[in-house]
Amino acid sequence: MKRMVEKLSAKYLDAPPVEDDAPVQALLQRAEELAGRYLGGRGIPGRISWVTNQNSRWASATPAHRSIRLSHRLQGMPEWVTDYVILHEMAHLIEPSHNAVFWSLLASYPHTGTAKAFLDGAAFASQRNLPSEKDGQ
Ligand SMILES: [Zn+2]
């Protein structure tokens, strides 16, 4: 499974997501649903994809391109954690900095605090077990 995802991600890094992009479509659908539920329909990315070259962050957003990249290391985490990361990055498409406006966008998602704690714990564990992997947000 992991190998397949890596192959797919590598493919999408090289080429624009045109044909046979079921995983990308599923992510986009999930993002749209989350945006509708928690962000008043705002922050929907033009492109959202899994990447394997994102080892120092869980995810990143590029507001200029309305694109979101999620680290493959999130795969297998509880859904409420990955949903939080997607919401976090979508909020960055609305507000780039971590200011009060930004956090108010995430206030309606009920798992923001626990998801942050979960990711901090995962980063801590990963730093202990795999010293080559650094983390932070
Ligand atoms: Zn952020």
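Helices here are DSSP runs of H or I, at least four residues, strands are runs of E, at least two, and both are numbered from the N terminus.

Two housekeeping points. Residues are numbered from 1 along each chain as its sequence is written. This is a predicted model, so local features need pLDDT of at least 70, side-chain atom pairs count only at pLDDT 80 or more, and totals for chains, interfaces and linings use all residues.

Back to helix 2. Its 17 residues should span 24 Å at 1.5 Å a residue, and the end C-alpha atoms are 24 Å apart, which agrees. The expected span is 1.5 Å times one less than the number of residues.

Which residues of helix 2 are buried? They are L27, A31, A35 and Y38. Buried means 20 or more other C-beta atoms within 10 Å of the residue's own; exposed means 12 or fewer; partly exposed is in between; C-beta atoms are placed from the backbone. Down the helix axis, the buried residues of helix 2 fall within an arc of 90 degrees, so they line one face. That arc is taken from the directions from the axis to the C-beta atoms. They pack against strand 1 and helix 3. The face turned away carries exposed A22, Q25, A26, Q29 and G36.

Now the strands. Strand 3, residues 67-71, has four of its five residues buried, so the rest of the structure largely encloses it. Strand 1 (residues 47-51) pairs with strand 3 in the parallel sense, over five bridges; pairing takes at least two DSSP bridges. R47 has S67 as its bridge partner. Strand 2 (residues 59-62) pairs with strand 3 too, antiparallel, over four bridges. There, A61 stands opposite I68. Strands 2 and 3 form a hairpin with four residues between them, and R66 in the turn has a positive phi of about 50 degrees.

Last, the core. A nonpolar core is a set of buried Ala, Val, Leu, Ile, Met, Phe, Trp, Tyr and Cys residues joined through C-beta atoms within 7 Å. The largest one has 22 residues; A31, L39, I68, V85, L87 and M90 touch the most other members. Helix 3 (79-94) gives the largest share, eight residues.

Take A31. Beyond neighbours within four places in sequence, A31 is in contact (C-beta atoms, placed from the backbone, within 7 Å) with I44, P45, I48, I86 and M90.

Technical notes
Contact = placed C-beta atoms within 7 Å.
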